[in-house]
Amino acid sequence: MELKTILKAARLRTLPLSVSGIIMGSALAFRVGYFQWNIFLLALLTTILFQILSNFANDYGDGVKGTDNVNRVGPQRALQSGKISQSQMERLIIITALLSMLVAMALIYVAFGKENWVYMLIFFVLGVSCVVAAIKYTVGKSAYGYRG
């Protein structure tokens, strides 16, 4: 599995949309005097990892279900083309999910500190929900991405 293939499967062209909210929120924080570089960078990395996770899971789900086939309009996906195997994509999903949760936990800790454990717990649950939603979009029997 080549790095070029992994980067193509990550669909880097989708990242500007995912980071736009972080940039806007950080600009507003800057304007009112609450901007912090460490929070900005961790939030940026968290959202990028969540987006890449979603893209890997979408490639996997559509590939396994046969949605991505020879009749697909648009670029070939990594699993569909055979450039990444099913087990390799599963590993990429697991690694990206773990990395995204690790970075998200760092972000939550830096943003709230240990004294705000209730907020930390709430945002941790939201982070886990993001990972589950990214995967369940096209993976599994009840994938919500296929509902019209």
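A pocket here is an open set of grid points where a 1.4 Å probe fits, with protein on both sides within 12 Å along at least five of seven lines, and its lining residues have an atom within 4 Å of a point. Keep in mind as you click around that this is a predicted model.

Start with the largest pocket, which has a volume of about 300 Å³. Select Thr46, Ala104, Leu107, Ile108 and Phe123: of the 14 lining residues, these lie nearest the pocket's centre. Now colour α3 (37-65), α5 (86-112) and α6 (117-136), the elements that each give two or more residues to that lining. The largest share, five residues, comes from α5. Colour the lining by class and you'll get 11 nonpolar residues, three polar ones and no charged ones.

Next stop, the largest nonpolar core. It has 22 residues, and Phe56, Met89 and Ile93 are the ones touching the most other members. Centre on Ile93: leaving aside neighbours within four places in sequence, it is in contact with Leu53, Phe56, Ala57, Tyr60 and Ile135. Then hop over to a second, separate core of five residues, among them Leu42, Leu49, Val103 and Leu107.

Last, select Thr138, in the segment after α6. Is Thr138 buried or exposed? Its relative accessibility is 2%, so Thr138 counts as buried, the cut-off being under 20%. Its side chain reaches the backbone oxygen of Ala57 at 3.2 Å. Show what else Thr138 touches, not counting residues up to four places away in sequence, and you'll find Asn58, Gly61, Asp62, Lys65, Ala143 and Tyr146 alongside Ala57.

Conventions
Residues are numbered from 1 along each chain as its sequence is written. This is a predicted model: local features need pLDDT of at least 70, side-chain atom pairs count only at pLDDT 80 or more; totals for chains, interfaces and linings use all residues. Side-chain values use heavy atoms; hydrogens and water are left out. On a 1 Å grid over the protein atoms alone, a cavity is a set of points where a 1.4 Å probe fits but cannot get out, and a pocket is an open set with protein on both sides within 12 Å along at least five of seven lines; lining residues have an atom within 4 Å of a point. Grid points are joined across faces, edges and corners, and a volume is the space filled by probe spheres set on the points. Helices (H or I, at least four residues) and strands (E, at least two) are DSSP runs, numbered from the N terminus. Ala, Val, Leu, Ile, Met, Phe, Trp, Tyr, Cys and Pro count as nonpolar, Asp, Glu, Lys and Arg as charged, and the others, Gly among them, as polar. A nonpolar core is a set of buried Ala, Val, Leu, Ile, Met, Phe, Trp, Tyr and Cys residues joined through side-chain atoms within 4.5 Å. Buried means under 20% relative accessible area, exposed over 50%, partly exposed in between (1.4 Å probe, protein chains only). Contact means heavy atoms within 4.5 Å. A polar contact is a pair of N or O atoms within 3.5 Å; within protein, one must be able to donate a hydrogen and the other to accept it, and residues adjacent in sequence count only if both atoms are side-chain atoms.
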